[in-house]
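Please prepare a short briefing on the structure shown below.

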Amino acid sequence: MQAWQRALIGDRKMDWRIPGGASWLPHELAGANLSSSLPAYLLTGGAYVALYLALESITLVHPFDTLGITLWGPSRAVSLVLLLMKGFAYSPFLFVAALLSDLLIYREAQELFVMLTADGVLALGYTGLAALLKFGCRFDLKRASVRDVVVLLVVVPGATLVIAA
């Protein structure tokens, strides 16, 4: 890697490469250890789904008159924080939360296949964004620095735009 490809701030080096293959996956899944902590996993996932649904219902309080959209979506941020703090084993809960949100809060009159596809793309997109932040940008939620804030301000809006497209 050349010097212009590496940003050095303090003692941390930022490597923009994503790990080759799926060598990071066993490490992530081993960190979850679902067999010994299944109740804690389900409790955390259930609490996340409840928080997601509560935040989604709050965002509908003051939408734009004719468009029916709001300018903020804290439920997506909670999803990203869950994946960065607890790991990628919680990504199925993103799908469940988005699907329940469509069914219970938005009451969308779409075909089931369209809803499942859109919510699956949303869950995969935010899981991919969390992987890009964690492995591609070496983002560390526990040791946040100015570099991490800059990474969030640059990467998250661009990735959100790609996910929404």
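Where is R138 found? R138 sits in the loop between α5 and α6. This is a predicted model, in which local features need pLDDT of at least 70, side-chain atom pairs count only at pLDDT 80 or more, and totals for chains, interfaces and linings use all residues. Residues are numbered from 1 along each chain as its sequence is written, and side-chain values use heavy atoms, with hydrogens and water left out.

**Overall layout**

- The chain has 6 helices and 2 strands, where helices (H or I, at least four residues) and strands (E, at least two) are DSSP runs numbered from the N terminus.
- Along the sequence the order is β-β-α-α-α-α-α-α.
- Of the 165 residues in the chain, 34% are buried; buried means under 20% relative accessible area, exposed over 50%, and partly exposed in between (1.4 Å probe, protein chains only).
- Among contacts in the chain with a separation of 6 or more, 66% are between residues 24 or more positions apart; a contact means heavy atoms within 4.5 Å.
- The chain exposes about 10,300 Å², and carbon and sulfur atoms supply 69% of that area. Accessible areas come from the Shrake-Rupley method with a 1.4 Å probe, and for residues only the protein chains shown count as cover.

**Nonpolar core**

- The largest nonpolar core has 31 residues, and those with the most contacts inside it are Y48, L80, L94, L129 and L133. Such a core is a set of buried Ala, Val, Leu, Ile, Met, Phe, Trp, Tyr and Cys residues joined through side-chain atoms within 4.5 Å.
- At least two residues of this core come from each of α2 (38–59), α3 (74–86), α4, α5 (112–136) and α6.
- α5 gives the most to this core, with 8 residues.
- In soluble globular proteins, nonpolar side chains tend to be buried together.
- Leaving out residues up to four places away in sequence, Y48 touches V78, S79, L82, F93, L94 and A97.

**Helix α4**

- α4 has 16 residues and reaches 21 Å from its first C-alpha to its last, close to the 22 Å expected at 1.5 Å a residue. The expected span of a helix is 1.5 Å times one less than its number of residues.
- The buried residues in α4 are S91, F93, L94, A97, A98, L99, S101 and D102, and their cover includes α2, α3 and α5.
- P92 lies in α4 (residues 91–106) and is partly exposed, at 45% relative accessible area.
- P92 and G120 are 28 residues apart in sequence, with 9.1 Å between their C-alpha atoms.

**Salt bridges**

- There are 2 salt bridges in the structure, each defined by a side-chain nitrogen of Lys or Arg within 4 Å of a carboxyl oxygen of Asp or Glu.
- Side chains of opposite charge can pair when their charged atoms come close.
- E56 pairs with R76, with 3.1 Å between the closest N and O atoms.
- E56 is buried at 4% relative accessibility, whereas R76 is partly exposed at 27%.
- D148 and R147 form a salt bridge with an N to O distance of 2.8 Å.
- D148 is buried at 0% relative accessible area, and R147 is buried at 5%.

**Loop between α5 and α6**

- R138 has a positive phi of about 55 degrees although it is not a glycine, and R138 is partly exposed at 33% relative accessible area.
- C137 is also found in the loop between α5 and α6; with 2% relative accessibility, C137 counts as buried.
- C137 and R147 are 10 residues apart along the chain, and their C-alpha atoms are separated by 9.8 Å.

**Helix α6**

- The 19 residues of α6 (residues 146–164) should span 27 Å at 1.5 Å a residue, and the end C-alpha atoms are 27 Å apart, which agrees.
- R147, D148, V151, V155, V156, A159 and I163 are the buried residues of α6.
- V154 is in α6 and is exposed, with a relative accessible area of 58%.
- V146, V149, V150, L153 and V154 form a nonpolar patch on the surface, with about 500 Å² of accessible area together. Patches are made of residues with over 30% relative accessible area and no salt bridge, with like charges joined within 9 Å and nonpolar side chains (Val, Leu, Ile, Met, Phe, Trp, Tyr) within 5 Å.
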